[in-house]
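Please open the structure in your viewer and keep the selection panel at hand.

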Amino acid sequence: MIAKELQGRYQVTILEAGGKFRPFSMPIGKLAALHRTGLFFDERMICLLLPNMLVEKTEDMVMVRGIGVGGTTTLATGNAVRCDGAVRALGIDLDEQCAELSRELPITTDHQQHWTETTWTMFRLFEQMGLDPVGTPKLMRAAKCVECGHCAIGCPTGAKWDTRALIKEAVQKGAVLIIDCRVTGLDIENGQVKAVHARRHGKRETYQADLVVLAAGGLGTPVIPQHSGVPCSDTLFADPVLYVAGPMENYGQDHQLLMPFISQQDGYILSPYMDYLSFFFHRSWRLPMRNIASIMIKLADEEAGTTDGKHINKTMSPADQRRMDRAVAQSQEILERLGVRERDQFLGTLNAGHPGGMLPLTEGEKENLHSSVLPENLYVADATILPRSMGNPPMLTIMALAKKNRRPSVKREQHPSFSSIRLG
Ligand SMILES: Cc1cc2nc3c(=O)[nH]c(=O)nc-3n(C[C@H](O)[C@H](O)[C@H](O)COP(=O)(O)OP(=O)(O)OC[C@H]3O[C@@H](n4cnc5c(N)ncnc54)[C@H](O)[C@@H]3O)c2cc1C
């Protein structure tokens, strides 16, 4: 988003670690048969099926992110939920930016017209239980959706929107996109970034820059200043996710939009979701996908954790675990009311795909959205600056913050050439 916003005013160069997004293209039926043989035993093997999905493990959970053009949004389910309360609490008003996003992007709840009976049954059950389900605003062209359930592994019809569209726009406006180019560090002199170091096809490259904006994600961005002598804080959050599932003959949840509606609870959300990681890699998930009913719990976790690029240190705190236990009990009750006996129910893989928070914005930074620990001409425009876990889809908030940050306030006289912005 920030590349698109800045191109024109500046000459933008985007340094992207990955390549083009490649969707899951193998026949799921055959793979499902293989998975029952126990061939898939480690979640990190998912890259064999979905090359842009990077899975790393912490002590407690599996961390998921997208590496490649479009980043993790290529794996996202397209939820565009406004959840910027924590940002607003710092005095940062994103109303104008969210309104702009609504005008510019295909955000819709029209998909409700295409819901299957399975989706409606679950929705009505949530309503009966007083869980206040709300149709999820989605970044999609609903008319193109064929309810295949593949939102998170590569939408085959182009119904789902992701940030590849923004990269395309930025490039059409003149930005330069360099792929397979991993940013490794920064040259910092007298409180200014002078150059960006990267590795491309095994070779070291250096890019001179007047202004640098890091957007390498909640796990990618902090590593770059840290490797360059600028410490980040150990406040990593991740929004841990767990699935409560059970057998339902021919339920057909594998053929419905992922997360068609959301129920907001105290510190977590609940939503129907068929999870490919659990399906392929969790020992309890042995049934054909069409015979599984599954509810997703997404938790707002405590901001405690770090990454140094080699290891991710992120565990469930006792408070996180207590909240998760409450959410599991509630999900078990939903499934039981749906007709799945509690003793037949099983859990999925504890995973997390919303990492962020290692350079959390503070009230003092609300005007220029510039982290005070960073050099003057170094900005961040991704989940790293979110002040806390939201337990909710963060894309909209991240993009709104990037829009607000479109005119980084570096003093012009210090950067007379002002010619290029490099994005990690
Ligand atoms: C399965 C799944 C479903 C999701 N669904 C939703 C959803 O429906 N709605 C929602 O709001 N959120 C969703 N999310 C979360 C959302 O996708 C992320 O929170 C969001 O994309 C984070 O944006 P970001 O800019 O921080 O990082 P990313 O989107 O991860 O982008 C980081 C980019 O930087 C690149 N990169 C990384 N390291 C380097 C480096 N050293 N040098 C150069 N480039 C680098 C990466 O390749 C990538 O392109 C989902 C996440 C997952 C895993």
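In which loop is Met-259 found? Select Met-259: it is found in the loop between strand 12 (240-247) and strand 13; helices (H or I, at least four residues) and strands (E, at least two) are DSSP runs, numbered from the N terminus. The model is a predicted one, in which local features need pLDDT of at least 70 and side-chain atom pairs count only at pLDDT 80 or more, while totals for chains, interfaces and linings use all residues. Residues are numbered from 1 along each chain as its sequence is written.

Phi of Met-259 is near 50 degrees, a positive value in a residue other than glycine. Met-259 is buried, with 23 other C-beta atoms within 10 Å. A residue is termed buried if 20 or more other C-beta atoms lie within 10 Å of its own, exposed if 12 or fewer, and partly exposed in between, with C-beta atoms placed from the backbone.

Next, select strand 13 (residues 261-265) and strand 14, which run antiparallel and are joined by 3 bridges; strands pair if DSSP finds at least two bridges between them. Gln-264 has Ile-269 of strand 14 as its bridge partner. The two strands form a hairpin with 2 residues between them, and Gly-267 in the turn has a positive phi of about 90 degrees.

Now select strand 14 (residues 268-272) by itself: 5 of its 5 residues are buried. Tyr-268, Leu-270 and Pro-272 point one way, whereas Ile-269 and Ser-271 point the other way.

Move to Glu-147, in the loop between strand 6 (138-139) and helix 7 (164-172). Glu-147 is not a glycine, yet has a positive phi of about 50 degrees. Glu-147 is partly exposed, with 19 other C-beta atoms within 10 Å.

Finally, select the ligand and its shell. The ligand is surrounded by 34 residues, the closest being Gly-71, Gly-220, Gly-353, Pro-393 and Met-395; a residue counts as near if its C-beta atom, placed from the backbone, lies within 6 Å. Strand 3 (62-66), strand 8 (181-189), helix 8 (217-220) and helix 12 (395-404) are the elements that give two or more residues to this shell. The ligand lies between domain 1 (2-19 + 163-229 + 360-423) and domain 2 (44-67 + 109-155 + 240-352), because both give residues to the shell; the domain bounds come from an automatic or database domain assignment.
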